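Student: I would like to learn how to read a predicted protein model, one feature at a time. Please give the general idea each time and then the case at hand.

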Amino acid sequence: MKTRVFLTCGLLSLALVSCKKELELKQGAQDKSGTLALCINSTLTGQKLAGASVVVIGSPKDSTVSDANGVARLRLQAGTYELKISAEGYAPIYYSNPIEIKPLNGESDTPIFGETHQEIDMYALGATLTGRVVMQPATAEETARYVQGATVAIKEVNGEELVKPIEVKTDAEGLYTFDKAPVKAPFDLEISYTQDGKYYETTVSVNPLQNGQTKQLGSAKLSPAAAPSFGADIVVKPTTATASLRITFPVAMATPIDTEAASISVSGVDKLKFDYADGNRTLVITPTAANGTAEKWSVGLHYFSISGLKGAKGETLYVSGNFTIEAPQTNN
(Lines give C-alpha, C1' and ligand atoms only; values in the text may rest on other atoms or scores of the structure.)
Protein backbone atom coordinates (compact mmCIF):
# COMPACT_ATOMS: atom_id res chain seq x y z
CA MET A 1 0.00 0.00 0.00
CA LYS A 2 2.80 2.42 0.87
CA THR A 3 4.56 1.62 -2.40
CA ARG A 4 1.39 2.36 -4.38
CA VAL A 5 0.94 5.70 -2.66
CA PHE A 6 4.57 6.58 -3.42
CA LEU A 7 4.21 5.70 -7.08
CA THR A 8 0.98 7.71 -7.36
CA CYS A 9 2.63 10.79 -5.87
CA GLY A 10 5.61 10.33 -8.15
CA LEU A 11 3.40 10.16 -11.23
CA LEU A 12 1.50 13.24 -10.07
CA SER A 13 4.79 15.09 -9.56
CA LEU A 14 5.95 14.19 -13.07
CA ALA A 15 2.62 15.36 -14.48
CA LEU A 16 2.96 18.72 -12.72
CA VAL A 17 6.50 19.19 -14.04
CA SER A 18 5.34 18.32 -17.56
CA CYS A 19 2.44 20.81 -17.34
CA LYS A 20 4.80 23.50 -16.07
CA LYS A 21 7.21 23.00 -18.97
CA GLU A 22 4.34 23.03 -21.45
CA LEU A 23 3.04 26.26 -19.90
CA GLU A 24 6.50 27.84 -20.08
CA LEU A 25 6.79 26.93 -23.74
CA LYS A 26 3.40 28.48 -24.51
CA GLN A 27 4.29 31.63 -22.60
CA GLY A 28 7.64 31.79 -24.38
CA ALA A 29 5.95 31.60 -27.75
CA GLN A 30 3.70 34.50 -26.77
CA ASP A 31 6.46 36.56 -25.17
CA LYS A 32 7.78 38.44 -28.21
CA SER A 33 10.68 39.92 -26.31
CA GLY A 34 14.44 40.09 -26.54
CA THR A 35 17.41 41.63 -24.73
CA LEU A 36 19.19 44.80 -25.76
CA ALA A 37 22.77 44.95 -24.49
CA LEU A 38 24.46 48.36 -24.73
CA CYS A 39 28.18 48.95 -24.20
CA ILE A 40 28.57 52.60 -23.13
CA ASN A 41 31.98 54.11 -23.92
CA SER A 42 33.55 57.26 -22.48
CA THR A 43 35.34 59.41 -25.07
CA LEU A 44 37.21 61.07 -22.19
CA THR A 45 38.83 57.99 -20.66
CA GLY A 46 38.56 55.53 -23.53
CA GLN A 47 37.03 53.10 -21.02
CA LYS A 48 33.53 51.74 -20.45
CA LEU A 49 31.23 54.16 -18.62
CA ALA A 50 29.37 53.03 -15.51
CA GLY A 51 26.24 54.76 -14.21
CA ALA A 52 24.91 55.96 -17.58
CA SER A 53 21.12 56.25 -17.72
CA VAL A 54 19.36 54.61 -20.68
CA VAL A 55 15.70 55.41 -21.41
CA VAL A 56 13.58 54.11 -24.31
CA ILE A 57 12.00 57.08 -26.08
CA GLY A 58 8.21 56.93 -25.78
CA SER A 59 8.40 54.36 -22.97
CA PRO A 60 10.13 55.88 -19.91
CA LYS A 61 9.28 52.81 -17.80
CA ASP A 62 11.77 50.92 -19.99
CA SER A 63 14.96 52.28 -18.48
CA THR A 64 18.15 51.07 -16.86
CA VAL A 65 21.66 52.14 -15.79
CA SER A 66 24.97 50.79 -17.08
CA ASP A 67 26.82 48.54 -14.65
CA ALA A 68 30.45 48.65 -13.48
CA ASN A 69 31.50 47.22 -16.84
CA GLY A 70 29.63 49.92 -18.76
CA VAL A 71 26.96 47.47 -19.92
CA ALA A 72 23.25 48.29 -19.81
CA ARG A 73 20.64 45.62 -20.53
CA LEU A 74 16.95 46.02 -21.30
CA ARG A 75 14.31 43.36 -21.90
CA LEU A 76 12.09 44.69 -24.70
CA GLN A 77 9.28 43.48 -26.89
CA ALA A 78 10.36 42.71 -30.46
CA GLY A 79 10.33 45.95 -32.46
CA THR A 80 12.37 49.05 -33.30
CA TYR A 81 13.54 51.52 -30.64
CA GLU A 82 15.30 54.84 -30.17
CA LEU A 83 17.11 55.74 -26.95
CA LYS A 84 17.98 58.66 -24.71
CA ILE A 85 21.29 58.27 -22.88
CA SER A 86 22.77 60.53 -20.21
CA ALA A 87 25.50 60.55 -17.59
CA GLU A 88 26.91 63.15 -15.20
CA GLY A 89 29.62 65.19 -16.90
CA TYR A 90 28.62 64.05 -20.39
CA ALA A 91 26.41 65.49 -23.10
CA PRO A 92 23.03 63.68 -23.03
CA ILE A 93 22.27 62.29 -26.47
CA TYR A 94 19.45 60.81 -28.49
CA TYR A 95 20.59 57.57 -30.06
CA SER A 96 18.16 57.91 -32.96
CA ASN A 97 19.57 55.13 -35.17
CA PRO A 98 16.73 52.59 -34.94
CA ILE A 99 17.71 49.54 -32.89
CA GLU A 100 15.77 46.42 -33.83
CA ILE A 101 14.99 43.69 -31.32
CA LYS A 102 14.31 40.45 -33.16
CA PRO A 103 14.43 36.66 -32.69
CA LEU A 104 17.74 34.85 -32.90
CA ASN A 105 16.71 33.02 -36.07
CA GLY A 106 14.78 35.96 -37.53
CA GLU A 107 11.32 34.44 -37.12
CA SER A 108 8.81 36.49 -35.15
CA ASP A 109 6.80 33.45 -33.99
CA THR A 110 9.61 31.63 -32.21
CA PRO A 111 10.22 31.81 -28.43
CA ILE A 112 14.00 31.87 -28.99
CA PHE A 113 15.37 35.41 -28.89
CA GLY A 114 19.00 36.49 -28.88
CA GLU A 115 20.75 39.57 -27.52
CA THR A 116 21.05 42.68 -29.68
CA HIS A 117 24.42 44.37 -29.03
CA GLN A 118 25.21 48.04 -29.63
CA GLU A 119 28.25 50.22 -28.86
CA ILE A 120 27.46 53.84 -27.92
CA ASP A 121 29.92 56.68 -27.29
CA MET A 122 29.29 59.36 -24.66
CA TYR A 123 30.96 62.74 -25.09
CA ALA A 124 32.43 64.37 -22.00
CA LEU A 125 31.96 68.07 -21.22
CA GLY A 126 35.28 69.47 -20.05
CA ALA A 127 36.57 72.33 -22.21
CA THR A 128 36.05 76.10 -22.27
CA LEU A 129 35.13 77.69 -25.61
CA THR A 130 34.85 81.42 -26.30
CA GLY A 131 34.24 83.60 -29.34
CA ARG A 132 32.51 86.66 -30.72
CA VAL A 133 29.55 87.19 -33.06
CA VAL A 134 29.44 90.16 -35.43
CA MET A 135 27.11 91.25 -38.24
CA GLN A 136 28.40 90.81 -41.76
CA PRO A 137 28.74 94.34 -43.30
CA ALA A 138 26.23 94.95 -46.09
CA THR A 139 28.62 97.25 -47.99
CA ALA A 140 32.35 97.79 -48.24
CA GLU A 141 32.00 101.07 -46.37
CA GLU A 142 30.35 99.48 -43.32
CA THR A 143 32.25 97.86 -40.48
CA ALA A 144 31.28 94.69 -38.66
CA ARG A 145 29.31 95.45 -35.50
CA TYR A 146 28.95 93.37 -32.36
CA VAL A 147 25.71 91.38 -32.03
CA GLN A 148 24.15 91.25 -28.57
CA GLY A 149 21.56 88.56 -27.79
CA ALA A 150 22.52 86.11 -30.54
CA THR A 151 21.92 82.44 -29.70
CA VAL A 152 24.97 80.20 -29.95
CA ALA A 153 23.98 76.53 -29.75
CA ILE A 154 25.59 73.09 -29.80
CA LYS A 155 22.89 70.73 -31.05
CA GLU A 156 24.95 67.73 -32.13
CA VAL A 157 28.28 66.18 -31.17
CA ASN A 158 30.01 63.96 -33.71
CA GLY A 159 26.68 63.64 -35.53
CA GLU A 160 24.71 62.54 -32.45
CA GLU A 161 21.74 64.77 -31.56
CA LEU A 162 21.76 66.17 -28.02
CA VAL A 163 18.67 65.67 -25.86
CA LYS A 164 18.75 69.41 -25.15
CA PRO A 165 20.91 71.90 -27.07
CA ILE A 166 23.70 73.56 -25.07
CA GLU A 167 22.96 77.25 -25.59
CA VAL A 168 24.47 80.58 -24.56
CA LYS A 169 23.73 84.22 -25.50
CA THR A 170 26.18 86.86 -26.64
CA ASP A 171 26.78 89.91 -24.45
CA ALA A 172 26.92 93.60 -25.39
CA GLU A 173 30.29 93.07 -27.07
CA GLY A 174 29.12 90.01 -28.99
CA LEU A 175 31.08 87.66 -26.76
CA TYR A 176 29.94 84.15 -25.75
CA THR A 177 31.45 81.49 -23.49
CA PHE A 178 30.77 77.78 -23.08
CA ASP A 179 32.10 76.73 -19.68
CA LYS A 180 31.51 73.05 -20.43
CA ALA A 181 32.03 72.26 -24.09
CA PRO A 182 32.32 68.71 -25.51
CA VAL A 183 35.80 67.20 -25.74
CA LYS A 184 37.47 64.69 -28.05
CA ALA A 185 34.74 64.95 -30.70
CA PRO A 186 33.95 67.46 -33.49
CA PHE A 187 30.83 69.62 -33.32
CA ASP A 188 29.26 72.72 -34.86
CA LEU A 189 28.15 76.00 -33.33
CA GLU A 190 24.80 77.03 -34.81
CA ILE A 191 24.47 80.79 -34.39
CA SER A 192 21.19 82.62 -34.99
CA TYR A 193 19.75 86.08 -34.42
CA THR A 194 16.44 87.81 -35.17
CA GLN A 195 16.01 91.57 -35.50
CA ASP A 196 13.04 93.51 -36.85
CA GLY A 197 11.53 90.37 -38.36
CA LYS A 198 14.75 89.47 -40.18
CA TYR A 199 16.61 86.27 -39.45
CA TYR A 200 20.39 85.88 -39.49
CA GLU A 201 22.50 82.76 -39.07
CA THR A 202 25.88 81.13 -39.50
CA THR A 203 27.58 77.87 -38.59
CA VAL A 204 31.07 77.43 -37.14
CA SER A 205 32.79 74.03 -37.13
CA VAL A 206 34.89 73.22 -34.07
CA ASN A 207 37.67 70.63 -34.13
CA PRO A 208 37.94 68.21 -31.19
CA LEU A 209 38.94 69.92 -27.94
CA GLN A 210 40.93 68.42 -25.10
CA ASN A 211 39.70 68.07 -21.53
CA GLY A 212 40.58 71.21 -19.56
CA GLN A 213 41.48 73.16 -22.70
CA THR A 214 40.45 76.81 -23.23
CA LYS A 215 39.90 77.67 -26.88
CA GLN A 216 39.15 81.09 -28.35
CA LEU A 217 37.60 81.18 -31.82
CA GLY A 218 37.70 84.00 -34.30
CA SER A 219 34.72 86.26 -34.95
CA ALA A 220 31.69 84.56 -36.51
CA LYS A 221 29.88 86.74 -39.07
CA LEU A 222 26.11 86.57 -39.31
CA SER A 223 24.44 86.75 -42.72
CA PRO A 224 20.74 87.16 -43.61
CA ALA A 225 18.85 83.88 -44.10
CA ALA A 226 15.65 83.37 -46.08
CA ALA A 227 13.88 81.69 -43.17
CA PRO A 228 14.81 79.77 -40.06
CA SER A 229 14.58 76.01 -40.44
CA PHE A 230 14.16 74.21 -37.16
CA GLY A 231 15.27 70.66 -36.58
CA ALA A 232 14.07 67.64 -34.64
CA ASP A 233 14.86 69.27 -31.29
CA ILE A 234 11.53 71.14 -31.43
CA VAL A 235 9.44 68.18 -32.59
CA VAL A 236 7.72 65.57 -30.41
CA LYS A 237 6.76 62.80 -32.80
CA PRO A 238 3.80 60.51 -32.13
CA THR A 239 4.89 57.06 -31.03
CA THR A 240 1.39 55.57 -30.95
CA ALA A 241 -1.58 55.84 -33.29
CA THR A 242 -3.48 58.06 -30.84
CA ALA A 243 -0.67 60.50 -29.93
CA SER A 244 -0.33 63.99 -31.42
CA LEU A 245 2.44 65.53 -33.49
CA ARG A 246 3.70 68.45 -31.39
CA ILE A 247 5.97 71.21 -32.67
CA THR A 248 7.26 73.82 -30.22
CA PHE A 249 8.81 76.80 -32.01
CA PRO A 250 11.45 78.93 -30.27
CA VAL A 251 9.15 81.93 -30.87
CA ALA A 252 5.40 82.19 -30.39
CA MET A 253 3.09 82.21 -33.39
CA ALA A 254 1.56 85.65 -33.78
CA THR A 255 -1.94 84.51 -34.82
CA PRO A 256 -3.85 81.27 -35.31
CA ILE A 257 -3.00 79.49 -38.54
CA ASP A 258 -3.94 81.24 -41.77
CA THR A 259 -4.45 78.27 -44.09
CA GLU A 260 -4.11 80.51 -47.15
CA ALA A 261 -0.65 81.72 -46.11
CA ALA A 262 0.59 78.58 -44.32
CA SER A 263 1.25 75.14 -45.73
CA ILE A 264 0.78 72.22 -43.35
CA SER A 265 0.72 68.65 -44.57
CA VAL A 266 1.19 65.11 -43.29
CA SER A 267 1.33 62.22 -45.73
CA GLY A 268 -1.39 59.60 -45.56
CA VAL A 269 -3.85 61.96 -43.83
CA ASP A 270 -6.90 63.53 -45.49
CA LYS A 271 -7.76 66.10 -42.80
CA LEU A 272 -5.85 67.57 -39.88
CA LYS A 273 -6.88 69.33 -36.68
CA PHE A 274 -4.71 72.08 -35.17
CA ASP A 275 -4.58 73.09 -31.52
CA TYR A 276 -2.25 75.40 -29.60
CA ALA A 277 -0.37 75.16 -26.33
CA ASP A 278 2.23 77.20 -24.41
CA GLY A 279 0.74 80.55 -25.45
CA ASN A 280 0.57 79.74 -29.17
CA ARG A 281 4.17 78.53 -29.10
CA THR A 282 3.33 74.85 -29.58
CA LEU A 283 1.38 73.55 -32.57
CA VAL A 284 -0.52 70.32 -31.83
CA ILE A 285 -1.52 68.31 -34.91
CA THR A 286 -3.93 65.35 -34.97
CA PRO A 287 -5.72 63.54 -37.81
CA THR A 288 -9.52 63.87 -38.03
CA ALA A 289 -12.39 62.33 -39.97
CA ALA A 290 -14.56 64.29 -42.38
CA ASN A 291 -17.04 65.05 -39.57
CA GLY A 292 -14.27 66.46 -37.37
CA THR A 293 -13.97 63.54 -34.96
CA ALA A 294 -10.53 62.35 -33.91
CA GLU A 295 -8.87 59.67 -36.01
CA LYS A 296 -5.78 57.52 -35.53
CA TRP A 297 -2.58 57.79 -37.49
CA SER A 298 -2.35 54.95 -39.98
CA VAL A 299 0.37 52.33 -39.51
CA GLY A 300 3.57 53.08 -41.43
CA LEU A 301 5.86 55.99 -42.33
CA HIS A 302 4.46 59.55 -42.42
CA TYR A 303 6.21 62.66 -43.78
CA PHE A 304 5.26 66.11 -42.49
CA SER A 305 6.01 69.65 -43.62
CA ILE A 306 5.00 72.96 -42.04
CA SER A 307 5.89 76.24 -43.74
CA GLY A 308 4.59 79.78 -44.11
CA LEU A 309 3.80 80.25 -40.40
CA LYS A 310 4.68 83.62 -38.93
CA GLY A 311 6.31 84.22 -35.56
CA ALA A 312 5.33 86.99 -33.17
CA LYS A 313 8.01 89.27 -34.67
CA GLY A 314 7.27 88.35 -38.25
CA GLU A 315 9.69 85.44 -38.47
CA THR A 316 8.94 82.79 -41.07
CA LEU A 317 8.70 79.39 -39.41
CA TYR A 318 9.43 76.11 -41.14
CA VAL A 319 9.96 72.50 -40.07
CA SER A 320 9.80 69.09 -41.74
CA GLY A 321 10.53 65.47 -40.92
CA ASN A 322 8.97 62.04 -40.61
CA PHE A 323 7.68 59.57 -38.05
CA THR A 324 6.62 55.92 -38.05
CA ILE A 325 3.57 54.34 -36.41
CA GLU A 326 4.20 50.69 -35.62
CA ALA A 327 1.50 48.04 -35.88
CA PRO A 328 0.13 47.05 -32.45
CA GLN A 329 1.86 43.99 -31.07
CA THR A 330 -0.37 41.03 -30.37
CA ASN A 331 0.23 37.74 -28.60
CA ASN A 332 -0.28 34.68 -30.77
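The dialogue below goes through confidence, strands, salt bridges and surface.

Student: What should I know before reading any values?

Tutor: This is a predicted model, in which local features need pLDDT of at least 70, side-chain atom pairs count only at pLDDT 80 or more, and totals for chains, interfaces and linings use all residues. Residues are numbered from 1 along each chain as its sequence is written, and side-chain values use heavy atoms, with hydrogens and water left out.

Student: What is the mean pLDDT of the protein?

Tutor: pLDDT is the predictor's confidence in each residue, from 0 to 100. Here the mean is 79, and 78% of the residues reach 70 or more.

Student: How many helices and strands does the protein have?

Tutor: The secondary structure comes to one helix and 23 strands.

Student: What is the strand order in the open sheet of three strands?

Tutor: Two strands pair if DSSP finds at least two bridges between them. In this sheet the order is E4-E1-E7, with mixed pairing. Strand E4 (71–77) and strand E7 (115–122) are at the edges with a single partner strand each, so one side of each has no neighbour in the sheet. From one strand to the next, the twist averages 25°; axes are lines fitted to C-alpha atoms, for helices over the stretch in contact, and angles run from 0 to 180 degrees between N-to-C directions.

Student: In which sense do E1 and E7 pair, parallel or antiparallel?

Tutor: Strand E1 (residues 33–42) pairs with E7 in the parallel sense over eight bridges. Ser42 is opposite Met122 in E7.

Student: What are the pairings of strand E15 with E8 and E14?

Tutor: Strand E8 (residues 125–135) and strand E15 (residues 214–225) are parallel, over seven bridges, and Val134 has Lys221 in E15 as its bridge partner. Strand E14 (residues 198–206) pairs with E15 in the antiparallel sense over three bridges, where Tyr200 is opposite Pro224 in E15.

Student: How many salt bridges does the structure hold?

Tutor: A salt bridge is a side-chain nitrogen of Lys or Arg within 4 Å of a carboxyl oxygen of Asp or Glu. The structure holds two. In one, Glu119 and Lys48 have their closest N and O atoms 3.2 Å apart. Glu119 lies in strand E7 and Lys48 in the loop between E1 and strand E2 (53–56), so the pair ties together parts 71 residues apart in sequence.

Student: What is the closest N and O distance between Lys155 and Glu190?

Tutor: For Lys155 and Glu190 that distance is 3.6 Å. Lys155 lies in strand E10 (residues 151–157) and Glu190 in strand E13 (residues 187–195), so this pair links parts 35 residues apart in sequence.

Student: What percentage of the residues is buried?

Tutor: Buried means under 20% relative accessible area, exposed over 50%, and partly exposed in between (1.4 Å probe, protein chains only). Of the 332 residues in the protein, 37% are buried.

Methods. Helices (H or I, at least four residues) and strands (E, at least two) are DSSP runs, numbered from the N terminus.
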